[in-house]
Amino acid sequence: MNSQLTKYAFLAGAAYFCCMATAHFFSFKVPILFVYYDTPFYAYQDKIISFAVCAYIALFYSASQHRSAALNAIVVLAITVLGLSSVNLSSALASVLQEGQSTTPYWLQTGAIGFYLIVLLTLYIKDGKNS
């Protein structure tokens, strides 16, 4: 079982992903809930993202309850950070940005998710040593 701190850290992720799914469903484009909040989009894509994010909600909730699911959530989040980093560096993103538009806001959000990943990994490892 996870420690209380680890449990709440994963529950915070589940809550964050609930907010993200809701924002995408209603196309409420705000930073933090939308990494690429100021790029062109199609509403149907946001609906797809909102449904896909439901898998994150379930995974992070499960990780808050069962240590056996925690590593899966951590791996998925690491893949997400790598994927966002790839998008941030891509010519596809560059092609939709306005002349001189910076990718800094996207990197800050990717970094915040990466920081959360490090927190979860640290708590997971700490819990493992205390078992």
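I looked for charges over rings, counting NZ of Lys or CZ of Arg within 6 Å of the ring centre and within 35 degrees of the ring normal. The charged end of Lys 47 sits over the ring of Phe 25, 4.6 Å from the ring centre. I also noted Arg 67, which lies over the face of Tyr 124 at 3.8 Å from the centre of the ring.

A reminder to myself: this is a predicted model, where local features need pLDDT of at least 70 and side-chain atom pairs count only at pLDDT 80 or more, while totals for chains, interfaces and linings use all residues. Residues are numbered from 1 along each chain as its sequence is written, and side-chain values use heavy atoms, with hydrogens and water left out.

Asp 127 is in helix H5, residues 104–129 (helices are DSSP runs of H or I with at least four residues, strands are runs of E with at least two, numbered from the N terminus). Leaving aside neighbours within four places in sequence, I found Asp 127 in contact (heavy atoms within 4.5 Å) with Asn 2, Ser 3, Thr 6 and Arg 67.

Next I went through the ring pairs. My search of the whole structure gave 10 aromatic pairs. Rings of Phe, Tyr and Trp (its six-membered ring) pair if their centres lie within 6.5 Å; planes under 30 degrees apart are stacked, over 60 edge-to-face, and the rest tilted. Tyr 37 and Tyr 106 are edge-to-face, with 6.4 Å centre to centre and 65° between the planes. Tyr 37 lies in the loop between helix H1 (4–25) and helix H2 (43–65) and Tyr 106 in helix H5, so this pair ties together parts 69 residues apart in sequence. Tyr 37 is partly exposed at 23% relative accessible area, whereas Tyr 106 is buried at 0%.

Tyr 42 and Tyr 44 make a tilted pair, 6.0 Å centre to centre with 35° between the planes. Both of these tyrosines are exposed; Tyr 44, in helix H2, has a relative accessible area of 53%. I also logged a cluster in which ring pairs link Phe 10, Tyr 16, Phe 17, Tyr 56, Phe 60 and Tyr 116.

Then I checked the backbone. Most residues other than glycine have a negative phi. Ser 27, in the loop between H1 and H2, has a positive phi near 50° and is partly exposed at 22%. Ile 32 is in the loop between H1 and H2, has a positive phi of about 85°, and is exposed at 55%.

Last, the whole chain. I count 5 helices and 0 strands. The C-alpha trace spans about 55 × 25 × 15 Å along its principal axes. Buried residues make up 37% of the 131 residues.

Key:
Buried means under 20% relative accessible area, exposed over 50%, partly exposed in between (1.4 Å probe, protein chains only).
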